[in-house]
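Thanks for coming, everyone. Let me put today's model up on the screen, and then we can walk through it together.

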Amino acid sequence: MQLQEGHQVYKTWLQEVEPKLAARRKRLTEIGTELERVQPSKTELEAAKKAAEEAEEAAKSEHKKAWEESRERQRAERVFTELDADSDGRIGLADLQIHPEFDVNSDGGVTLDELRQYTEGLEEADFAAFQEKIWPNIKTIFKSLNEKKPPAEDQSAASKDSDGAAAAAATGGSEDDATDKEMDEALGEAAPSPPPPPASSSTDADDELATMPDYPAEVQELIAKANEARDAFNKANDESSRLATEKSDLERLVERDYGPASAFFPMADSGECAEYADNEYTYKLCPFKESLQVQKASGSSTSLGRFKDWSGPEGDKYSQQEYTDGQGCWNGPNRSTKVRIVCGPKTELLSASEPSRCEYSMELATPAACHSEPTAEPADPEHDEL
Ligand code: MAN
């Protein structure tokens with residue numbers, strides 16, 4: 001009865017083989033056409049993206065460079081202003097000599113020769129010369145004398161710090177001025193009142209430059225264009241990889257050996273999987289694809305192999321399939337599965353076991369295996385009566 005039923009289904013499956021194969025081949029042709037359409041536009045979009053990104057990058061880095069340069073100039077201006085004690089627009093070696101950080105040999109005194117190493121031999125410099133020759137040499141070591149002043153509220157310590165007081169006096173600044181500068185140096189928020197004296201007029205501007213200003217409209221426009229170009233390319237790229245994957249999956253599907261009369265094709269084409277549960281695991285076989293073991297308690301899934309080939313004995317090749325290269329077995333082989341194929345009225349997994357560690361065995365019933373015309377079955381009462 002089972003065999004008879006199976007054979008009936010087998011016959012309907014055989015009828016389905018050609019139309020189903022034809023539908024898949026048609027889809028393959030369509031994919032080819034779609035890929036031909038997507039590929040060139042993808043190439044174009046990639047070039048457009050590259051150009052837009054180059055323009056974007058150039059504009060962004062130009063903006064950043066301009067910001068860094070003006071920030072650097074403001075730092076130099078601020079130091080120059082501090083050094084230019086008499087505010088005559090020129091600084092001399094004497095202005096630098098009160099800075100202990102220029103004591104090259106650490107002997108406790110700053111000599112003119114030591115200073116000339118920093119000034120590149122200049123005896124005095126206006127701002128332009130300072131910025132060009134001296135600033136690059138001192139910018140990482142210069143210490144504002146105002147910075148050395150301890151916090152204003154610590155009056156006893158402040159009175160001992162003659163350097164700080166002298167510097168504050170020399171720049172015509174007040175104690176508050178020095179405090180402003182400290183905060184300024186830390187690039188923190190602008191100090192509240194009192195209003196800054198002319199000597200620290202760069203304070204506010206410098207604070208503004210602590211973070212890079214927003215990109216101007218023309219740069220933002222280039223960023224927006226680059227974003228658009230990226231999106232357009234990504235879309236085409238995703239579309240083309242989706243099609244390429246569909247194509248190779250379909251090619252594999254239609255090219256495989258499905259046995260005599262391709263009877264196994266409808267089963268593969270359906271993509272359906274069969275399951276068998278024991279106490280601990282649910283075994284899942286997706287014919288022509290993969291074999292899995294799902295732990296019931298945790299739901300975690302282990303690959304027991306991917307479809308390799310038919311592996312039945314000679315003359316009966318289509319009675320067994322082999323799935324190999326599953327998840328590695330600790331101290332053992334990669335998991336693999338042998339699937340015995342038997343005739344049955346529907347596709348179902350009849351058993352699953354592990355005869356040897358990490359080597360699994362399954363039995364799959366399917367109408368695709370019911371190729372032989374069943375002879376009368378003695379066990380069938382209807383037939384007995386005849
Ligand atoms: C898991 C399961 C078993 C297998 C062992 C090997 O517990 O996959 O089937 O025998 O791992 O360590």
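Let's start with the sheet: eight strands form an open sheet with mixed pairing, in the order 3-4-5-6-7-8-10-9. Here a strand is a DSSP run of E with at least two residues, a helix is a run of H or I with at least four, and both are numbered from the N terminus. Two strands count as paired if DSSP finds at least two bridges between them. The edges are strand 3, residues 274–277, and strand 9, residues 348–356, each of which pairs on one side only. From one strand to the next, the twist averages 25°, taken between axes fitted as lines to C-alpha atoms, with angles running from 0 to 180 degrees between N-to-C directions.

Before we go on, a word on where this comes from. This is a predicted model, in which local features need pLDDT of at least 70 and side-chain atom pairs count only at pLDDT 80 or more, while totals for chains, interfaces and linings use all residues. Residues are numbered from 1 along each chain as its sequence is written, and side-chain values use heavy atoms, with hydrogens and water left out.

As a reminder, strands of a sheet pair through backbone hydrogen bonds, either parallel or antiparallel. Now, how do strand 3 and strand 4 run? They are antiparallel, joined by four bridges, and strand 4 covers residues 281–286. Alanine 274 sits opposite leucine 285 in strand 4, and alanine 277 has threonine 282 as its bridge partner there.

Strand 5, residues 290–295, pairs with strand 4 over six bridges, in the antiparallel sense. That hairpin has three residues between its strands too, and phenylalanine 288 takes a positive phi near 70° in it. Is strand 4 mostly covered or open? It is mostly covered, with five of its six residues buried; buried means under 20% relative accessible area, exposed over 50%, and partly exposed in between, using a 1.4 Å probe and protein chains only.

Alanine 261 is not a glycine, yet has a positive phi of about 60°. You'll find alanine 261 in the loop between helix 9 (217–255) and helix 10 (265–270), and it is exposed, at 52% relative accessible area. Asparagine 331 likewise has a positive phi, near 60°. Asparagine 331 is in the loop between strand 7 (320–324) and strand 8 (336–343) and counts as exposed at 68% relative accessibility.

Finally, the ligand. Which residues are around it? They are Tyr281, Gln293, Cys329, Arg335, Glu354, Arg357, Cys358 and Tyr360, where a residue is near if one of its heavy atoms lies within 4 Å. A polar side-chain atom of glutamine 293 lies 2.7 Å from a ligand oxygen, one of glutamate 354 lies 2.5 Å from a ligand oxygen, and a side-chain N or O atom of tyrosine 360 is 2.6 Å from a ligand oxygen. The protein covers 68% of the 310 Å² of accessible area that the ligand has on its own, by the Shrake-Rupley method with a 1.4 Å probe.

Terms used. A polar contact is a pair of N or O atoms within 3.5 Å; within protein, one must be able to donate a hydrogen and the other to accept it, and residues adjacent in sequence count only if both atoms are side-chain atoms.
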